[in-house]
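Welcome! Please keep the sequence and the 3D view open as you read.

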Amino acid sequence: MAERSDVVPSRNPLTRAWSAVWHPTPASLRLLALLGVIGNAGIIATGGAVRVTESGLGCPDWPKCTGDSLVPTAHPEHATVNMAIEFGNRMLTFLVLAIGVAVFVAALRLRPRRRDLLLLAAAQPASVFAQAIVGGIVVLTELHPASVGLHFLISPALLIFCVALWVRAGEGDAAPRPLAGRAVRRLILSVVGVTAVLMVAGTVVTGTGPHAGDAESRRWGFNIEDVARIHSAFAWLTVALTVVLLAVLWRTGAPAPLRRRAVELFVIELAQGAIGYVQYFTGVPAVLVVLHMLGSAIMWIAALRVVFAARDRGPLAAPAAVTEERRTPQPA
């Protein structure tokens, strides 16, 4: 029987995962980029779990957990469950790093190679290393609120590269063609900017309130009601700007995908605001704090998607010719 000239997909998931990295296509690279988005949003949520369970110093040393041990061991001053939660969050960082390395290798192996995708992919493992270093500073400073806030904010910064790669892997390399007027694009950037300030204000609220990572950790000396009101004011400003954006998009007949991204952002903002008010009036229960932190990541992703939906880079180029190596059927 003559050998087929196309790639024979394997049913072995490990083989398929390897092929997605070593023999990437634009679709497989985009999937890997999406995993990077999910991983970095997930680590924000697990970081929230560390805070609300007072497990920030569950592993009192860094880079090792306790003394000479890389993994949790019996410690007279730290409960086993707190050590497990903090260690689990550290392990998730390694998973996010592994995804970042896989994304970079796939971007390096993609044919034809696309320089912008390679740069976006390279930023991901580099940023995870930076996050690990700041995580060590958090432990060594015994959860100082400034270092804790910086540790959180690295993830939204890294999500910029992750979302950009996710979007760019599915579009072409033509010069950006604006799909909205200059005033609308400035309004979109204003929404993103206020959303970023909102997240910074949220870290101050957390660093002032009861869930700073450990019962004995230092807090900001602000009045919790004052910083909560400031955070709420930025939340309402974000919603107001998004409403204005929606009205302008419909009035100017903006493309349907751009309007959908803006609607998605608005719905997420309302859900995030509802969680915020419920947690405030119910004494800041732990589970709602984690949901609120996860919601902040999702809202940030949605805001970034609005930015990328406001321009067009054309369709993907035709795939490169299949090499002899890739035509070889792979074992099941």
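## How the helices are described

Angles under 35 degrees count as roughly parallel, over 145 as roughly antiparallel, 65 to 115 as roughly perpendicular, and the rest as oblique. The axes themselves are lines fitted to C-alpha atoms, for helices over the stretch in contact, and the angles run from 0 to 180 degrees between N-to-C directions. Helices are DSSP runs (H or I, at least four residues) numbered from the N terminus, and strands are runs of E with at least two residues.

This is a predicted model, in which local features need pLDDT of at least 70 and side-chain atom pairs count only at pLDDT 80 or more, while totals for chains, interfaces and linings use all residues. Residues are numbered from 1 along each chain as its sequence is written, and side-chain values use heavy atoms, with hydrogens and water left out.

## Helix α5 meets α9

Start with α5 (residues 145-168) and α9 (residues 286-309), whose axes come within 10 Å and cross at roughly 40°. The two helices are therefore oblique to each other. The crossing of α5 over α9 is right-handed; a crossing has this hand if the near helix is turned clockwise from the far one by less than a right angle, and is left-handed if anticlockwise.

Which residues in α5 meet α9? They are Phe152, Pro156, Leu159, Ile160, Val163, Ala164, Trp166 and Val167, and their partners in α9 include Trp300, Arg305 and Phe308. Contact here means heavy atoms within 4.5 Å.

## Two antiparallel pairs

Now look at α8 and α9, whose axes come within 9 Å and cross at roughly 160°. These two are therefore roughly antiparallel to each other, and α8 passes α9 in a left-handed crossing. Their contact has 16 nonpolar, 6 polar and 4 charged residues.

Helices α4 and α5 pack at an angle of about 165°, with axes 9 Å apart. They are therefore roughly antiparallel too, and α4 passes α5 in a left-handed crossing. Here the contact residues are 17 nonpolar, 7 polar and 2 charged.

Most residues other than glycine have a negative phi, and most peptide bonds are trans. Against that background, find Val284 in the loop between α8 and α9. Val284 has a positive phi of about 55° although it is not a glycine.

What kind of peptide bond joins Arg111 and Pro112? This bond is cis, with omega about -5°. Pro112 lies in the loop between α3 (80-109) and α4 (115-140).

Key
Nonpolar A, V, L, I, M, F, W, Y, C, P; charged D, E, K, R; others polar.
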